[in-house]
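Visitor: I have a structure open and would like to learn how to read its features. Could you walk me through it?

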Amino acid sequence: HVRASMLSIISVSLCFIAPVLRPMREQAAHVRICASPTLFDATEVEDPQLESACSFDHMPLLVALKSGDFLEADHLTRQSLIKLAGDEAVRRGFVYFAEVPELPQEDLATIERLWLAYSDGKFGYSVQSGIFGTKKVGRDFDRFFERIGWKNERGQLLRWLPDKGNEFNYDLDTAPKGHLPLTSTLRGTTLLQGLLDHAAWDRTEFSSEVALAGQELRLGGAHVISMLRARGQRRPVSAAAARRLLSARVDTPSCVAAFGFGPSVPRACHNYFKL
């Protein structure tokens, strides 16, 4: 039993011995998965860049996140970190805190792009890192756990145990910002702190201002495409073209030039986004 519970690396719960097998995960009685409708449509988001320092396959994570299956995505993220940490981590079934700094930035960046893109910028390690470093949290783990919803109303850490179910929230609409992905603190907070302080989050693309701008462009581009399709445009519009419209932030003629349409549709987009 102890050996089975160790198979859960960077496991989701704060005091959790996570089963690795899918059947056990599906038996969690209290799991809250994306059941409620959301205004965010992940299928309209342009797939982020996938890069890897070791030819790692990130497509399963992309598919899970794009379909809104955040429970499966969280499981895949933990498994990815184990494999990226090397053969020893795979043999033991979890990542040591000392191995975290050596996790390849390219792969962590890809994992982060996927979480950010398909959660509307709500979930991800860089999101958690930003919250952890705010003045209100002050790198205090108790305040951090409260802020991202890893504590219940009684102030106790949420659990994911085989005999007690999964108390975490996998609903994009109702989960607090930074709630996912999950990292086990069963052996202390050193592993979690290593992930939050990883050098990958120092990349410009994960700074708060750049992330917000990127989120605006991704969602805006999707909305523009949907609107143009709704107006019966026969010419296909790429997400890149939609982003050019949004990033231009200039007069209507420039928007017309970016899309190559007559003035009516670009002007409608221009007014819609108040550019």
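Predicted model: local features only at pLDDT ≥ 70, side-chain atom pairs only at ≥ 80, totals over all residues.

Visitor: How are the rings of F145 and W150 placed relative to each other?

Guide: For a ring pair, look at the distance between centres and then at the angle between planes. A search of the whole structure gives 14 aromatic pairs. In the pair of F145 and W150, the ring centres are 5.8 Å apart and the planes meet at 25°, so this pair is stacked. Planes under 30 degrees apart count as stacked.

Visitor: Which residues form an aromatic cluster with F145 and W150?

Guide: The cluster also takes in F132, F141, F144 and F168.

Visitor: Which charged residues sit over the ring of F94?

Guide: Here you check where the charged end lies relative to the ring face. R92 has its charged end over the F94 ring, 5.6 Å from the centre. R187 also lies over the face of F94, at 3.9 Å from the ring centre.

Visitor: Now to helices. Which residues of α3 are buried?

Guide: The general idea comes from helix geometry: an α-helix has 3.6 residues a turn, so residues three or four places apart point the same way. In α3, which spans residues 59-66, the buried residues are L61, L62, A64 and L65. They lie on the same side of α3, because they cover an arc of only 165° around the axis.

Visitor: What covers the buried residues of α3?

Guide: The cover includes α4 (70-85) and α6 (105-118).

Visitor: Could we zoom in on one residue? Why does L62 count as buried?

Guide: L62 is in helix α3, and it counts as buried because its relative accessibility is 6%, where the cut-off is under 20%. Leaving out residues up to four places away in sequence, L62 touches D47, L50, L114 and Y118.

Visitor: What should I look for in the backbone?

Guide: Then look for departures. S55, in the loop between β1 (32-33) and α3, has a positive phi near 55°. R139, in the loop between α7 (125-132) and α8 (141-147), has a positive phi near 60°.

Visitor: How exposed are S55 and R139?

Guide: S55 has a relative accessible area of 73%, so it is exposed. R139, at 41% relative accessibility, counts as partly exposed.

Visitor: Where is there a cis peptide bond?

Guide: The bond from L180 to P181 is cis, with omega near 0°. P181 itself is in the loop between β4 (169-170) and α9 (190-196).

Visitor: Last topic, confidence. What is the mean pLDDT of the protein chain?

Guide: The mean is 74, and 61% of the residues reach 70 or more.

Key: Residues numbered from 1 in each chain as written. Heavy atoms only, no water. Buried < 20%, exposed > 50% of the residue type's maximum accessible area, 1.4 Å probe, protein only. Helix = DSSP H or I, 4+ residues; strand = E, 2+ residues; numbered from the N terminus. Arc of directions from axis to C-beta. Contact = heavy atoms within 4.5 Å. pLDDT = per-residue confidence, 0-100. Phe/Tyr/Trp six-rings, centres within 6.5 Å; stacked < 30°, edge-to-face > 60°. Lys NZ or Arg CZ within 6 Å of the ring centre and 35° of its normal.
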